[in-house]
Every structure is written in structure tokens, then in C-alpha cells.
Amino acid sequence: MTSRVSLAAAFSAAFIALCSLFGSEALAQDASPPPAAPAEPVLNTTPRPYNSLRPRRVRPRPAAAASAVAIAAARPAAAAPVAPAATPAAVPPPVQTAHAPLPGPELEAFVDGVVRRAMSRDHIAGVTISVVQNGQVVLKKGYGFANLGQRRPVDPDKTLFRVASISKTFTWIALMNEIESGRMRLEGPVNVYLPQPLQVKDQGKKTPVRLKDLMTHTAGFEDRSLGQLFERDPNRVRPLNDYLRQERPNRVREPGLLPSYSNYGAALAGAALVNVTGKPFEQLVSEEIILPAGMSHTTFREARPWNDRLPAPMNEALAAELSDGFSWTPMGWKTQPREFMGQVAPAASASSTAGDMARYMTLLLNGGTIDGKTVFSPKTALAFRTPMYRPAPEAAGWNAGFQDMALPGNRRGFGHGGATLYFHSNLVIAPDLGLGIFVSVNTDSGANLPASLPSTIIEHFYAPAPAVPAASALSYDEARAYEGDYLTTRRAYGGLEGFTNRIVGRATVRATPDGRLAILDGGVSTLFNGTDRPGVFKAVDSALTLVFDANGGRPSRFYAARGWSTYERVGFFRSAGLLGWTAVIAGLASVAALLGVMFRNRREARQTPVQARASQMQTMQAVLWLISASCMGVFSVKAADQTNVFFGWPSGWLLSGSACALVASVLSLLTLGVLPMVWRGGRRVDSWSSGRKVAFTFTALLFVFLGVLLGMWGYLLPWGR
């Protein structure tokens, strides 16, 4: 790691070192080497009960902070399918569970088999995992390599993995602490806690965005990520406030109505915390959560050179233990450059080890206490286990920022997933089992293992699947009512990013002959059985639940089984099939138009001056459409490597294709205007034949129709983001 040395930097380093003597942020994040880890609970196959809960000390509320939030006003109630409020008034102590504890050796043998099969099948370079139950670490293990050049193996206590969106859970803990202290209000508009340049504009919306809306991902923001969520060059990383001001998304719906996952919303909550507390986010989360929890190998800082405009980088000792990210290629694993997400630190920048995440899960299971230290109150702990928002009674929702999860055996849990371009992680808490499971991989092709392993463990030891899957309660004709194309609400709503999101953000719902629904989303098909409750479907091979919402008796949308977004039904004129077939036919018509110019005989070439110019215009359109299609094809091939999309956005190929399509669409409208003169023609010997007039008219109308469809999809906006 390189750093820039100057007199000012040296003075700053000396000042930071002095402050570290008094327990500042530098103690955990900037010192090198890191402090020794606190005593770790030993591996034990005989779990002990929870520690007794201790009430969190409420810090006195400074007068300045009190006056700053005194004007907070509750948002008017909206007719939204929101569950009752999330912060319960009374908190019962943890109940001793009657389940059989996980047998350590058997668990390790089972996990070894599942992980090694997944690593071979999905070409995963490295995996780290920890399992805790009732305050004991039942399993903590690393597999594979963190660095291929040095052949450094994954060490569950030392090797840091990027945990991505699991970072948000730290942000929600810090936010709930401020809410309990009285400095912030869950129902308060977020603008009350933000500096003026970051305040959310109304954009025609009637109700303000509340802290609660950010926590439940119902703020109503569109979701933009290409070209700015990840950075490859550390010099392009921006301060949090600059990022939030420059990358402000549009508000596309009123807050509190529909779930739509938002990294921007979580980062905005982090900025509100910074503004209220007066501390940099990395320092705040370390002082309030990381240090008290004894997580000495966890940090929100990134391994990059020093930058005066940014928080201090990760210390060298931790950076040396950070796992590389990998991609699988025909030539084997490829080590990828580091991803930088410091510009959205509250949403994504944390790195941690399996050992530290074991402590974190113990903290969550223990109601906010660990090693006699209280990090958050039992009241907050219960909020993390209680639905704060559900779009429908049986749909997945959000528990004060934690994902509400359906688990095998009709259990409910909470946790969070996380993904960068190369790392995939998952954290699952099953309170009634006293169980926490964390798993992370360092390869882009390994997303399936973290997504499935926690449920696989719970199912194997506590809820074995039936030998024969249950039958659907619906007939084929009843299931057909749900068929259609659905588009996610978690997308950009304009520009070329909106166009690409409309392509990849679709889910296709089809009925099977036995009354099930097959949901094809992201290239993965999942089968769901109908139930005796209208609109509610249960996955055949997992605990996931899919809930459809009817509008006038016809299903109009469904809520994603993992709670990330809503999928809204797409009409015929916005369907992918219509656009695809129109593009194919237009491509064939373009080729036919060019072949006609090259091979039409002299007798067929007789034409009036108007017809000659119209033919030239249509030939130009055909060339432009074919160039546009070629550019789009090259972009699609390159997009197979997602790094080309995120780091190379906006793609020159896509911009060129969009510009050609825009010019072709304008020319097609002009051609449409001269059709009457083309049909009038001149004398028979000087004019086109009737067949050529029909072909010209068909091609002209086809090109216009294609232009209209592409305009509806957002492809004709080369200047858009």
C-alpha cells in the first residue's frame, strides 16, 4: 500500500497516534498491527445458555442536538400495506429454547461436503464460514485460497472478506442507538437530520421520506448503480456527501408504498448519522459497535492510498490479510483488481472475518450484549426480530433494516445478504434455534453457496424436507391467471441504464401443467406451489413464499420472495417478446432493403424523384438500424463480464448504437410523411411497381414501430445516464 507523505500528513499522524491513547477510532482501524482479539468462545458441542441481557445506557441528550431535531414532524399516514410499528415498548428476556444443539463434528462433516461440492461445481477459490449457537462457536472454518500468487489459505480468524451490504446492518444499529437516545426519530423526515445540500427534494411527491422508509427500503427511489457504485481506481472514490449530492436518484413513487432495495437510501441514513453525531461514519461505527463487540478484524475502511479528502485507509496489517477477489475464466481463476465502495461506506464498505462475524452474530442473538458490554438495547434487539414493514401479510419484509427471512420448518429469521462484483456473503439468524450462520465466498461465480447454505443447514438438522414435494392447490387453468412478464421496481427509470435494467430486470411467470408457477428470474427458474390462500405460493424446494397482489381481480404484481423488490406486470407493448420479434423482423427488412439496392434490375429501378429520395432515406435507415444492432450485440457480449459494465459505463458501443437508432427513428418519421407522394408516383413507366410500394410502406411502418418501442424502453436517449 502506498501513501503520500508530507509535513501536514506527518503532523496529522502524530495527532492521531496521541488520540489513540484515549480509545479513539485509530485504536482499531489505524494502528498496525491490530490489537489482539478478545477471548473467543471456544469450539464446544455443548452450547451454553444466552448471557443475561443488560439494559443499554442511554446517553444524555445534548441541548444542541435536541434543538436540531425539535422540528421533526411525523409523516401523515398513507394507505400503504405497512405492518404495525416496529419498536415494541416491552422487551421480554430471551427464552431458553428446547431444540437439540448442533453436534459439532457432524455439522463440520456435513458443511465440508456441501462446501467442497459447491467449490468444485461453481469454481470458487475461497470460502469462509462460522456458525454460532447459544453463545458458542460451533463451527469456524476457511476453505481454499485468499491469494493465489502466495497460495495464502483462507484463515477464518485472519482473512478479511468484503461483506458488502451486510455493512448496512451496522448502520441500522447505529441509527437505532441514536433513535433510542432521543436525538433522532424513526418517524421523523430524514431531511431534518441532513445538511441542506443532501436533503431529499420533493420532486412532486406529497409526503417526505422518513428514517423508517430508508430502513425498510420503501423510500420510493429509483436504483442506479452503473458507473458509480463500484470504483476500480481509488482516486475516483468520493467523499460520502459528494457522492450523495452528485448521484441523487429520482423519486419514482410515494414513500412507504412498495419495497425496492436502495443502496442510496442506506448511504443517506449514514450521512444523517454523521450530521447528527458530528463524527465521520467510519469512526462512529467503530466506536459504537466494532470496538465494544471486540471485532478487531472488522473495518469499514478500505485498502487504498492516503487521500486528504477521504477517511483514513485500512491499516497495513489488516490490508495484508484482505482476500483478493476472483473470476473464473477458461484459463482458470483470474485475480481481479480491488473494488472500492468507500463513497457509499454505510451501505457497502465493511470487511470482516468469519471469527468476527461469529462475535457479531452472538451479539445479535444475545440481545445486544457481549462479554458484559452493551452495544444496543434489548428493545432494539427485539425490533431487529419484529417485522417493521411487510407489503402483504405473508410476504417477506424488513425488520428495522434486517431482512425478514423464511426458514425451513416454518421458522422466521432475520439477517442480510451482501454482494460486490466478486464477493458474495450471507448472514442468517434463527432466534428460536439460538443459531447464527455466516458464509462468504471470494469468487464472482459462487453466489449460490451463501444464498443456500444457511437454509440447507437448518433443513438438514431441524426440518428435513419431505420425500415427495407437496402438490399445488391450483389447477392449470387457475395458475394461468398469474402468467405474464413482470418488471422489477429496483431499477433505473430513465436513460440507457433504464434500458438495460428493463432487459435484465424481468421475471417471466409461466404455469406448469400440474398447477405450479415457474418463475424465471436472472436465468434461474424456481417452482412455486399454489396454496389455499389466494395469491400466496410456496417454493417447492425451499421455505420461500411468493405473494401476488391483485388489481381488479387480475394479478398485477408480486413481491419478491426475499423482499428485495416488487415485480409489476408488464403490458403487451412493453413485453420483451414484442420488442425482440420486432427487432428481428426489422433486421431482416433492413437486409432486404440493402439487397434490393444492390441487385434490383434496371427495369425495377424506374422511379420518380420523390421515390428516389424516399428510397435513399430508407436505405440510410436500414444501414443505421444494422449498425445499431451490431453495436448492441458487441455490448451484450462484453456485458457477459459484469466488470465491463460497471467500470466501463457508459459503454461507447451502447452510446453509438443508441445514437444510430435515434437518427434512424427520426428518418423513419420523415419517410412516413412522404408515403402519400410515393404512392401517387408518376406515369406507370416512371414509377415503382405496386409490389415495391407495398414493401416500402411495410418497411417504413416497421421502422417507425421499432423506433416507438425503443423510445418506450429508453434506448433512444444517448445523452441519458
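User: Which residues does Phe-384 touch, not counting those up to four places away in sequence?

Analyst: Phe-384 touches Trp-172, Ile-173, Met-176, Leu-364, Phe-376, Asn-399, Ala-400, Phe-402 and Phe-414. Touching here is a contact, meaning heavy atoms within 4.5 Å. Keep in mind that this is a predicted model: local features need pLDDT of at least 70, side-chain atom pairs count only at pLDDT 80 or more, and totals for chains, interfaces and linings use all residues. Residues are numbered from 1 along each chain as its sequence is written, and side-chain values use heavy atoms, with hydrogens and water left out.

User: Thanks! What about the largest nonpolar core, how many residues does it have?

Analyst: It has 106 residues, and Phe-384 is one of those with the most contacts inside it, as are Leu-214 and Tyr-715. A nonpolar core is a set of buried Ala, Val, Leu, Ile, Met, Phe, Trp, Tyr and Cys residues joined through side-chain atoms within 4.5 Å. There is also a second, separate core of 30 residues, including Ala-118 and Leu-407.

User: How much of the chain is buried?

Analyst: Buried residues make up 55% of the 721 residues. Buried means under 20% relative accessible area, exposed means over 50%, and partly exposed is in between (1.4 Å probe, protein chains only).

User: Changing topic: how many helices and strands are there?

Analyst: The chain has 22 helices and 22 strands. They are DSSP runs numbered from the N terminus: helices are H or I with at least four residues, strands are E with at least two.

User: And how many salt bridges?

Analyst: The count comes to 28, where a salt bridge is a side-chain nitrogen of Lys or Arg within 4 Å of a carboxyl oxygen of Asp or Glu. In one of them, Arg-224 meets Glu-497 at 3.6 Å, N to O.

User: Where do Arg-224 and Glu-497 lie?

Analyst: Arg-224 lies in the loop between helix H6 (211–215) and helix H7 (240–246), and Glu-497 in helix H16 (residues 495–504), so the pair ties together parts that are 273 residues apart in sequence. Arg-224 and Glu-497 are both buried.

User: Which residues are linked in a network of salt bridges?

Analyst: Glu-187, Arg-210, Lys-212 and Asp-213 are linked that way.
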